[in-house]
Amino acid sequence: MTLTITPSKLTGKVTPPPSKSQAHRLLIAAALAGEGSRLRNLADSQDIQATRRCLEELGPWQGPMSPLRRLALPRLDCGESGSTLRFLIPVALALRGGGIFTGQGRLMERPQQPYFDLFREKGIFYQQKDGTLTVQGLLSPGKYELPGNVSSQFITGLLYALPLLEGDSCIVPTTPVESWDYILMTLDALRQAGIVVEVPREGSPCFLIPGNQTYRPIQAAVEPDWSQAGFWFAAGALGNPVEVEGMKAPSLQGDWRYLELQEQIFAAPQARVDMSQNPDLLPPLAAAAALAAGHVTRFVNAGRLRIKESDRLHSVTTVLNALGAEVEEGEDFLLVHGKEALSGGVTVDAFNDHRIAMMTAIAATRCKSPVTLTGGASVNKSYPSFWEEYARLGGKIKSEK
């Protein structure tokens with residue numbers, strides 16, 4: 001989908017879609033409980049569809065000792081969802097003795113090394129070839145050591161699977177855990193499903209997970225998504241009177257700190273904004289920083305953004321600079337010099353990345369000339385109604401399919 005965006009002011013009220021991060025976690029916990037759960041306000045984005053699809057194929061309600069273990073390994077199409085892939089690899093091993101995972105876009109290129117290191121230690125077979133990852137073997141209780149600074153998704157995947165095993169286990173982060181709030185969201189979903197996990201504390205730097213646990217049905221509603229709300233808050237910072245409704249603060253979603261991080265950009269002429277705990281917020285924050293005239297913002301500890309749907313340090317820099325911003329890309333940082341306005345008048349690509357597409361749309365409100373965006377359909381990954389909402393708020397877009 002190619003869109004031409006004519007600069008215009010956005011005005012009105014908007015409620016972001018349900019939290020994708022929370023929905024993944026609640027869906028998996030509910031599926032492991034079997035029948036009886038009731039989840040409200042679920043998203044219908046492509047990523048959530050991927051998790052639903054894979055859970056149906058796994059048949060987790062059958063239990064880890066079900067006859068399904070005797071069948072061929074399930075084929076699990078994760079779409080472009082990194083959460084689906086990393087969460088369900090250990091679950092598939094616990095329930096079905098493994099699985100054959102496929103995906104689209106850059107998904108199968110994204111690193112899985114923490115799991116691979118564990119698999120070699122535990123004697124679990126894995127093979128990554130031609131865009132397919134096959135894992136097969138017995139997930140056994142015990143000690144699981146893995147880095148905490150690559151992605152919290154690896155810890156989350158194990159937190160779902162290890163309670164199903166016959167013995168007790170522990171997860172030991174070998175480096176400081178980044179995106180800790182995402183793990184707290186996982187622990188909350190597990191708690192609602194009756195799963196007991198003892199979290200790291202002084203003297204016990206590991207997650208202790210008793211075995212032989214049973215998931216129970218849950219009743220829960222998914223909150224609106226703070227990471228998506230960030231784009232509308234950024235629009236407000238750029239002079240668009242948009243009122244974001246339905247947001248809970250504080251929230252289990254770590255990205256509820258968006259406004260705090262955005263305030264840092266405008267609070268002083270020079271700002272240092274740490275992205276280690278909230279990497280998904282960089283695109284809207286960068287758009288706000290690009291138009292914070294007279295301010296220089298350095299986004300640091302952002303190296304993990306290179307392994308998202310796109311290399312976001314590169315794609316954010318490329319798109320904003322094409323629009324007329326002044327952004328410098330480093331190995332794990334961005335340096336943004338704020339300007340009064342952007343020139344626009346160019347064609348930019350979304351890099352098949354939903355957050356880059358939405359960032360472009362927000363930045364275009366402060367361009368002097370129309371912006372043409374290719375790959376606009378990438379928003380379907382997380383926010384299928386984004387363009388509809390953008391137009392409802394007064395955004396001027398013309399679509400060419």
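Modeller: What follows takes some of these words in turn and sets the values against the definitions. This is a predicted model, in which local features need pLDDT of at least 70, side-chain atom pairs count only at pLDDT 80 or more, and totals for chains, interfaces and linings use all residues. Residues are numbered from 1 along each chain as its sequence is written, and side-chain values use heavy atoms, with hydrogens and water left out.

Biologist: Why is the pair of W232 and Y383 called edge-to-face?

Modeller: Rings of Phe, Tyr and Trp (its six-membered ring) pair if their centres lie within 6.5 Å, and planes under 30 degrees apart count as stacked, over 60 as edge-to-face and the rest as tilted. The ring centres of W232 and Y383 are 6.4 Å apart and the planes stand at 85 degrees, so the pair is edge-to-face. The structure holds 13 aromatic pairs.

Biologist: What makes this pair a tie between separate parts of the chain?

Modeller: W232 belongs to helix α7 (residues 226–237), whereas Y383 is in the loop between β20 (371–374) and α12 (386–392), so the pair ties together parts that are 151 residues apart in sequence. Helices (H or I, at least four residues) and strands (E, at least two) are DSSP runs, numbered from the N terminus.

Biologist: How do you know whether W232 is buried or exposed?

Modeller: Buried means under 20% relative accessible area, exposed over 50%, and partly exposed in between, with a 1.4 Å probe and protein chains only. W232 has a relative accessible area of 0% and is therefore buried, and Y383, at 1%, is buried as well.

Biologist: What makes the pair of F233 and Y258 stacked?

Modeller: The angle between the planes of F233 and Y258 is 20 degrees, with 6.2 Å from centre to centre, and the class of stacked asks for planes under 30 degrees apart. This pair also links distant parts of the chain, with F233 in helix α7 and Y258 in helix α8 (residues 258–267), 25 residues apart. F233 is buried at 16% relative accessible area, and Y258 is buried at 0%.

Biologist: Which residues does E389 touch, and how is its burial judged?

Modeller: E389 is in helix α12 and has a relative accessible area of 16%, so it counts as buried. Leaving aside residues up to four places away in sequence, E389 touches V14, T15, W232 and Y383, where contact means heavy atoms within 4.5 Å.

Biologist: Why is G123 called exposed?

Modeller: G123 has 62% relative accessibility, so it counts as exposed. G123 lies in the loop between α4 and β6 and follows α4 with a positive phi near 75 degrees. In helix α4 itself (residues 113–122), P114, Y115, F116, L118 and F119 are buried, and what covers the buried residues of α4 includes α3, β6 (125–129), β7 (132–136), β8 (143–146) and α5.

Biologist: How do you know that K122 sits over the ring of Y144?

Modeller: A charge sits over a ring if NZ of Lys or CZ of Arg is within 6 Å of the ring centre and within 35 degrees of the ring normal. The charged end of K122 is 4.2 Å from the centre of the Y144 ring and sits over it. R298 likewise lies over the face of F333, at 4.0 Å from the ring centre.
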